[in-house]
Amino acid sequence: MRELTRAEEQVMQILWDIEKGFVKDILAKMSAPKPAYNTVSTIIRILERKGFVKHKAYGKSHEYYPIVTKDQYRSFSIKNLLSGYFGGSFSKLASFFAKDENMDINELEKLMNEVKDDVK
């Protein structure tokens with residue numbers, strides 16, 4: 001799996017949300033200022049080459065759908081973040097956010113409990 005650009009990720013977020021759609025459907029979900037139709041079409045073809053998206057052809061129209069789930073990409077992104085910035089250490093990541101967000105002990109305990117519940 002490869003990392004997505006900001007524009008590619010924006011298109012993927014929409015596809016994950018709508019599950020499948022034509023370029024016009026993706027464009028309709030984008031906030032202003034909206035990119036040109038051809039720009040979105042190019043991005044979606046790049047995503048297809050990267051292995052994130054496939055399509056069904058209906059004549060000259062193509063309906064696109066994700067083949068990489070949001071959870072798969074989230075896991076990939078977090079692993080990249082951990083290895084690239086925190087030496088692969090989740091505790092360093094948690095410590096960074098605790099300091100950066102000025103978390104108090106109660107918030108840290110709540111976070112730890114949520115992590116424990118998710119692991120079960």
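This note sets out, point by point, what the predicted model of the chain shows.

1. Basis of the model. Because this is a predicted model, local features need pLDDT of at least 70 and side-chain atom pairs count only at pLDDT 80 or more, while totals for chains, interfaces and linings use all residues. Residues are numbered from 1 along each chain as its sequence is written, and side-chain values use heavy atoms, with hydrogens and water left out.

2. Confidence. The pLDDT, which is the predictor's confidence in each residue on a scale from 0 to 100, has a mean of 91 over the chain, and 98% of the residues reach 70 or more. Confidence is highest in β1, at 98, and lowest in helix α6 (residues 105-119), where the mean is 78.

3. Overall layout. Six helices and two strands make up the secondary structure of the chain; helices (H or I, at least four residues) and strands (E, at least two) are DSSP runs, numbered from the N terminus. Along the sequence they follow the pattern α-α-α-β-β-α-α-α. The radius of gyration of the chain is 18 Å, well over the 14 Å that the globule rule gives for 120 residues, so the chain is more spread out than a compact globule; this radius is taken over C-alpha atoms, and the rule is 2.2 Å times the number of residues to the power 0.38. Taken along the principal axes, the C-alpha atoms fill a box of roughly 60 × 30 × 25 Å.

4. Of the 120 residues in the chain, 25% are buried, where buried means under 20% relative accessible area, exposed over 50%, and partly exposed in between (1.4 Å probe, protein chains only). Among contacts (heavy atoms within 4.5 Å) between residues at least 6 apart in sequence, 46% join residues at least 24 apart.

5. Helix α3. The 13 residues of helix α3 (residues 37-49) should span 18 Å at 1.5 Å a residue, and the end C-alpha atoms are 19 Å apart, which agrees; the expected span is 1.5 Å times one less than the number of residues. Val40, Ser41, Ile43, Ile44 and Leu47 are the buried residues of α3. They cover an arc of only 165° around the axis, which puts them on the same side of α3, the arc being that of the directions from the helix axis to the C-beta atoms. On the other side of α3, Asn38 and Arg49 are exposed. The buried residues of α3 pack against the helices α1 (6-18) and α2 (23-29) and the strands β1 (53-58) and β2 (61-66). After α3 comes Gly51, with a positive phi near 90°.

6. Helix α4. With 16 residues, helix α4 (residues 70-85) reaches 22 Å from its first C-alpha to its last, close to the 22 Å expected at 1.5 Å a residue. Tyr73, Phe76 and Leu82 are the buried residues of α4, and what covers them includes α1 and α5 (90-100). Just after α4, Gly87 takes a positive phi of about 55°.

7. Backbone points to check. Most residues other than glycine have a negative phi, and most peptide bonds are trans. Glu19, in the loop between α1 and α2, has a positive phi of about 75° although it is not a glycine, and at 58% relative accessibility Glu19 counts as exposed. The peptide bond from Ala32 to Pro33 is cis, with omega near -5°, and Pro33 has its place in the loop between α2 and α3.
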